[in-house]
Each structure stands twice: as C-alpha cells, then as structure tokens.
Amino acid sequence: MDAPHVPAPLPGVPGGLSARHSARRSAPFLLAVLALHAAGLCLLALSAPGQPLLWGLGLSAYLFGVRHAWDADHIAVIDNTVRRLLTLGRPAYGVGLYFSLGHSGVVLLMAVAAALIGGALLGAQDQIGTVGGWVGPFVAGAYLLVVATLNLSAVARMLRGAPEGHGDHDGHHHGGLLARLIAPLTRLITRPWQVMPLGFLMGLGFDTASEIALLALAGQAGQQSLGWAGILSLPLLFGAGMTLFDTLNGAFMTHAYGWALDRPGARRTYNLLVTGLSGLVALVVGVVTLGAWAAEHFPALSGLRSLEALDLAPLGFGLTGAAGLLFLVAVLRRRLTGAA
C-alpha cells in the first residue's frame with residue numbers, strides 16, 4: 001500500500017496568498033509580454049514612415065491576437081492547467097504565457113512563409129492544416145477531457161465532504177480505476193513550460209478566422225514589398241495581443257485558485273463553484289472538439305458534423321467573467337464576515 005500523500009503547500013506563500021504576492025510572481029511573465037509588444041512596435045515603426053498603411057495592418061494584427069486569446073479552448077486549457085499545477089503544489093503564473101508562445105510560434109512561422117511565397121502558401125497551408133487537423137484538435141480535446149474529468153471528480157469529492165488537498169489530482173489520494181487509467185495522461189504536463197508544445201499543436205490546425213486573417217495580412221504585406229521589419233511586426237503584434245490576455249488570464253486564475261486552495265475550509269464554496277464551472281467548460285469544449293474532429297476524419301461519424309457549427313466563443317468570455325465575479329463576491333464575503 002502506498003504511503004499517504006501529504007499535500008504540498010502553495011509555492012512561496014508562507015502566510016497566505018495576497019494580491020501583492022501574485023503581482024510580484026506574475027511580473028517576469030508580464031515583462032516578457034511587454035518585450036514582445038516593444039519588439040513588434042519597434043519593427044512596425046521602422047517600416048511605417050514610408051508605408052502609412054502598415055499602421056492599420058499592425059492594429060488589425062494586434063486586435064486579431066486579442067480576440068484569439070478569448071477563444072474557449074484557450075481559456076479552458078489555461079484555467080484547467082493552472083488548477084492542476086496548483087493541486088500538485090507547483091507555481092502556475094506562467095501557464096498563459098507559455099501556452100500563448102507555443103500557439104504564436106505556429107502563426108509566426110506561417111506568417112513569414114506567407115510573406116515569402118504569398119499566394120502559393122494557400123496550398124501549403126491546406127497541407128499543413130490537414131496534418132495539424134489530425135493532431136492538434138485530438139490532442140487538445142483529449143487533454144481537455146482529462147482535466148475536466150479531474151476537476152469534476154474533485155467537485156464530486158468536495159460534495160461528498162472529502163477534504164481537498166493540493167495533491168488530489170496526482171492520483172495519490174485516490175487509487176481507483178479512474179486514477180490508474182488517466183495517470184499517464186495527467187503526468188503529461190507537470191510544469192508550466194510543458195504547456196507550450198500543446199499550444200503549438202493546437203495552432204497547427206489553422207481553424208480560426210483570426211489566424212487565417214493574419215496570414216492574409218502577412219501575404220498582403222509581402223506582396224506590397226513592405227520589407228522584413230514590417231512583415232515580422234505583424235505576427236509579433238498578433239502574438240503580443242494574444243499573450244497579453246492569455247498571461248493575464250493565467251495569472252488571475254492562479255491567484256484565484258491559489259486563494260481558494262490556501263485555506264479550503266473557509267473558501268470551500270468558491271472553490272467548489274469555480275472548479276465545477278471550469279471543469280464543465282473544459283468538458284463541453286473537449287467533447288465538441290473531439291466530436292468535430294471525428295466527424296471530419298471518419299465518414300461513419302458524419303452525423304457529428306453539426307458540432308462544427310457550434311460557436312464556443314461565448315464560453316471563453318463567460319468562464320472568465322463568472323470566475324472573476326465569483327472571486328469578487330468571495331473576497332467581499334470574507335471581509336464582511338471576517339472569515340479566515
């Protein structure tokens with residue numbers, strides 16, 4: 001029989017998690033985002049004096065990145081990964097940045113290719129998208145289902161009155177069949193940087209309007225001979241917009257989950273609600289992603305094609321807004337009641 005697992009404390013939180021502590025731990029990742037903004041703007045400024053149209057292209061690329069950060073799959077992956085790492089007693093402030101950098105890497109490479117070969121990229125994009133369409137959605141859907149299962153299982157244990165510790169999700173507390181089956185998958189990501197390959201794989205499918213629109217902008221810039229500085233500024237600004245909000249989301253969810261896990265007895269209701277909501281969104285996005293993937297690649301499952309038409313964008317905004325509202329209510333309630 002395995003020795004009982006002792007929950008790990010939240011890293012670097014000797015007396016309880018505070019907003020100041022979270023801001024300090026998030027600062028290096030936000031500085032990296034700021035550096036990405038500076039790089040994109042500097043390259044844009046170098047090219048823009050002779051090409052005023054480039055300012056409009058740069059703004060469009062940035063807004064495409066901002067919008068892309070709110071996709072439901074981004075929010076679900078980041079939020080659920082954050083909770084998983086915290087339950088392992090590991091820092092998670094960089095999850096959003098690492099995921100976004102992996103995703104941006106695909107966009108950067110393809111934007112450069114679009115500028116180099118212009119319209120010829122369309123055929124190459126289809127081929128790469130076909131390969132990525134096999135790998136990216138399957139990996140993303142399977143990962144979301146795994147973390148959704150873990151989070152919803154934690155909710156079930158909390159509803160039964162079982163104590164929740166930081167080690168709940170690593171399989172040490174519960175040695176049942178489910179824990180044994182998914183243990184290899186749950187060990188896939190145990191450090192924040194390990195979410196970067198997942199972001200890269202998810203970007204290979206080119207299944208969002210934001211990515212396709214950016215490639216069109218890069219191709220247009222290449223056709224107009226705007227120069228390499230101007231061309232590279234577009235994917236960098238796209239990545240800057242996406243990493244900003246992905247990083248902020250990861251940092252906020254780390255603070256919110258850490259605040260709840262720090263003293264779960266006093267903040268049990270908040271932890272229960274946010275964990276359940278996050279797990280439910282991950283489950284929906286994972287099922288839709290895998291269903292659409294199966295319908296596309298297996299003719300016998302073509303009846304699932306209706307899933308491709310579902311718009312999951314509101315789930316991303318909804319999950320973030322609900323988590324923020326619940327956190328605000330929980331903090332106000334604690335201050336009013338004087339709970340520890």
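How many helices and strands does the secondary structure of the chain come to? The count is 11 helices and 0 strands, where helices (H or I, at least four residues) and strands (E, at least two) are DSSP runs, numbered from the N terminus. Before going further, please keep in mind that this is a predicted model, in which local features need pLDDT of at least 70, side-chain atom pairs count only at pLDDT 80 or more, and totals for chains, interfaces and linings use all residues. Residues are numbered from 1 along each chain as its sequence is written, and side-chain values use heavy atoms, with hydrogens and water left out.

An unreviewed UniProt entry lists "transmembrane region" for residues 27-46, 52-70, 91-122, 134-156, 195-219, 225-248, 269-295 and 315-332. Such annotations may be inferred rather than shown by experiment. Here are two of these spans:

| Span | Distance between end C-alpha atoms | Helix and strand content |
|---|---|---|
| Residues 27-46 | 28 Å | 100% helix, 0% strand |
| Residues 315-332 | 25 Å | 100% helix, 0% strand |

**The inside**

Of the 340 residues in the chain, 51% are buried, meaning under 20% relative accessible area, while exposed is over 50% and partly exposed lies in between (1.4 Å probe, protein chains only). A nonpolar core is a set of buried Ala, Val, Leu, Ile, Met, Phe, Trp, Tyr and Cys residues joined through side-chain atoms within 4.5 Å. The largest one has 47 residues, and those with the most contacts inside it are Val77, Val82, Val95, Val195, Leu198, Trp259 and Tyr270. Among the elements that give two or more residues to this core are α1 (19-47), α5 (121-159) and α9 (228-262). The largest share, 8 residues, comes from α3.

In the loop between α3 and α4 sits leucine 88, which counts as buried because its relative accessibility is 14%. Leucine 88 and threonine 190 are 102 residues apart in sequence, yet their C-alpha atoms are 8.0 Å apart in space.

**The surface**

Helix α10 (residues 268-297) holds valine 287, which counts as partly exposed because its relative accessibility is 43%. Together with Leu280, Leu283 and Val284, Val287 forms a nonpolar patch on the surface, with about 290 Å² of accessible area in total. Patches are made of residues with over 30% relative accessible area and no salt bridge, with nonpolar side chains (Val, Leu, Ile, Met, Phe, Trp, Tyr) joined within 5 Å and like charges within 9 Å. A salt bridge is a side-chain nitrogen of Lys or Arg within 4 Å of a carboxyl oxygen of Asp or Glu. Accessible areas come from the Shrake-Rupley method with a 1.4 Å probe; for residues, only the protein chains shown count as cover.
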